[in-house]
Amino acid sequence: MFLKYIVKGDRELCGSVRIQGAKNSVLPILAASILSNDKCEIHDCPDLSDVRYTMEILEAIGCSAAYENGTVTVDSSSAFNCEIPPHLMRQLRSSIVFLGAVTMKMGKARMSMPGGCPLGARPIDLHLKALKALGIKAREEAGFIETDASDAKCAHVHLAFPSVGATENTILAAVKIKGESLITNAAREPEIVDLCNFLNAMGAHITGSGTGTIHIEGVASLKGINYRIIPDRIAAATYMCIAMATGGEIELENVKRDHLTAITNELRDEGARVEFFGERGYIRAPGKIKSAAMIKTMPYPGFPTDAQSVFMPHLIKGDSTSVIVENIFENRFKIVPDLNLMGADIVTEGRSAIIRGPRQLSGAHVVAPDLRGGAALLIAALSAKGESVIEDEGHIARGYENLVENIRSLGADIRCE
Ligand code: UD1
């Protein structure tokens with residue numbers, strides 16, 4: 001859906017925001033829900049276009065999926081179709097997590113290559129290699145992937161890179177394969193732990209999630225359950241960066257301190273006051289922001305690639321030069337020309353962005369290139385003098401629930417057309 005965000009900036013934003021459930025947990029957990037033949041109720045699912053598309057995928061394979069007050073109810077007892085239509089696969093990158101789940105539910109699967117944010121090449125070689133290691137026949141032809149699980153067997157799967165999606169697909173396939181499978185160099189993201197906690201509550205036997213080595217003892221069946229999704233650490237990081245860029249102070253309800261360590265260490269180094277009280281967080285921006293010597297994006301527990309764009313607007317105000325090195329995706333500096341148009345001084349060289357501060361931004365007409373880049377442009381507009389217009393073809397709504405209402409409640413002058 002095409003939207004224009006119109007922002008009058010340069011106001012300190014202060015107040016309290018509740019952080020939504022994690023988008024990157026909901027999607028694999030909805031895929032996992034098809035592995036039972038009962039009903040699953042999944043709570044704290046944010047109302048996002050990615051969640052709605054995932055529900056359409058569930059319906060396309062014959063499940064029923066309903067959304068009410070943040071709860072998605074999935075009944076997969078009537079699933080009959082192993083094919084996901086290409087128009088749904090193209091809507092979101094994480095549609096690929098259905099590969100492992102549908103293959104094990106139906107014995108085979110057929111789907112086209114997934115879509116998602118335009119962040120550069122996003123191959124699925126690690127997903128296919130992992131499924132093949134588990135004895136699943138997987139072939140790619142004319143833009144389609146076809147699998148067959150008739151010879152599936154437990155195995156040791158070593159991932160050449162700790163890919164989040166490939167780890168999830170391997171878990172979703174191995175969880176119902178008889179015997180003990182092992183994943184080494186597994187991704188350690190909190191969303192992987194959430195997926196394993198969900199599966200274990202359904203009756204799976206998975207240990208080691210959150211470490212690089214995950215053991216899975218396959219089970220014959222999984223039962224339907226009620227489950228609550230973890231808080232979205234990237235949404236939390238985004239609101240923290242809103243406080244930083246606008247010189248404000250924000251209280252965050254529903255956060256997990258441990259999931260935010262790389263973010264909060266960096267923000268404290270930049271001069272912010274950050275505190276936690278149970279599941280509440282608090283941030284106050286410093287009078288003067290200290291530039292970041294070097295932010296390097298890394299797999300968890302390193303600094304998340306999804307948070308680097310939203311750090312840029314306040315680093316533009318930093319007292320000297322900041323450097324961001326993007327190690328995960330090759331195309332994540334697309335907002336730089338628009339930030340420069342607003343008055344920033346940022347130079348990119350390959351995987352590095354060099355941000356020279358301090359600069360005051362002014363309002364401009366810009367275009368959101370992807371989800372986190374769109375959020376970053378909104379933050380830049382909130383800190384800029386004058387009016388900005390951010391055109392967005394629907395990227396921001398893929399990841400942030402009630403963003404406009406939340407920012408307005410913090411004192412922003414923002415409207416949508
Ligand atoms: C997930 C997140 C995304 C986040 C990313 C990295 C979801 C829905 N999305 O994406 O928000 O930015 O983790 O934290 O959870 N790669 C390969 N071959 C593969 C798979 C991945 O080369 O088969 C490469 C990718 O191109 C990328 C890197 O590995 O350079 C990381 O990708 P991955 O961890 O798989 O990210 P996603 O699961 O797509």
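Four strands form an open sheet in the order β6-β7-β9-β8, with mixed pairing. Its edge strands are β6 (83-84) and β8 (137-141), each pairing on one side only. This is a predicted model: local features need pLDDT of at least 70, side-chain atom pairs count only at pLDDT 80 or more, and totals for chains, interfaces and linings use all residues. Residues are numbered from 1 along each chain as its sequence is written, and side-chain values use heavy atoms, with hydrogens and water left out.

Strands here are DSSP runs of E with at least two residues, helices are runs of H or I with at least four, and both are numbered from the N terminus. Two strands pair if DSSP finds at least two bridges between them. In general, strands of a sheet pair through backbone hydrogen bonds, either parallel or antiparallel. Strands β7 (residues 108-112) and β9 (residues 144-148) run antiparallel and are joined by five bridges. K108 stands opposite D148 in β9.

Now turn to the ligand. Around the ligand sit 19 residues, and D125, L126, S163, D306 and I328 come nearest. A residue counts as near if one of its heavy atoms lies within 4 Å of the molecule. The shell divides into eight nonpolar, six polar and five charged residues. In this scheme Ala, Val, Leu, Ile, Met, Phe, Trp, Tyr, Cys and Pro are nonpolar, Asp, Glu, Lys and Arg are charged, and the others, Gly among them, are polar.

Where does the shell come from? Domain 1 (3-20 + 231-416) and domain 2 (23-228) each give at least three residues. The domain bounds come from an automatic or database domain assignment. Helices α5 (125-133), α6 (164-174) and α10 (305-315) each supply at least two shell residues. α5 gives the most, with three.

Polar contacts (pairs of N or O atoms within 3.5 Å; within protein, one must be able to donate a hydrogen and the other to accept it, and residues adjacent in sequence count only if both atoms are side-chain atoms) come next. An N or O atom in the side chain of S163 is 2.6 Å from a ligand oxygen. A polar backbone atom of I328 is 2.6 Å from an oxygen atom of the ligand. A polar side-chain atom of N24 lies 3.1 Å from a ligand oxygen. Taken alone the ligand exposes 740 Å², and the protein buries 85% of that. Such accessible areas come from the Shrake-Rupley method with a 1.4 Å probe; for residues, only the protein chains shown count as cover.

S163 also reaches toward α6. At the start of that helix, a side-chain oxygen of S163 comes to within 3.5 Å of the backbone nitrogen of G165. In α6, 10 of 11 residues are buried, including G165, E168 and N169. Buried means under 20% relative accessible area, exposed over 50%, and partly exposed in between (1.4 Å probe, protein chains only).
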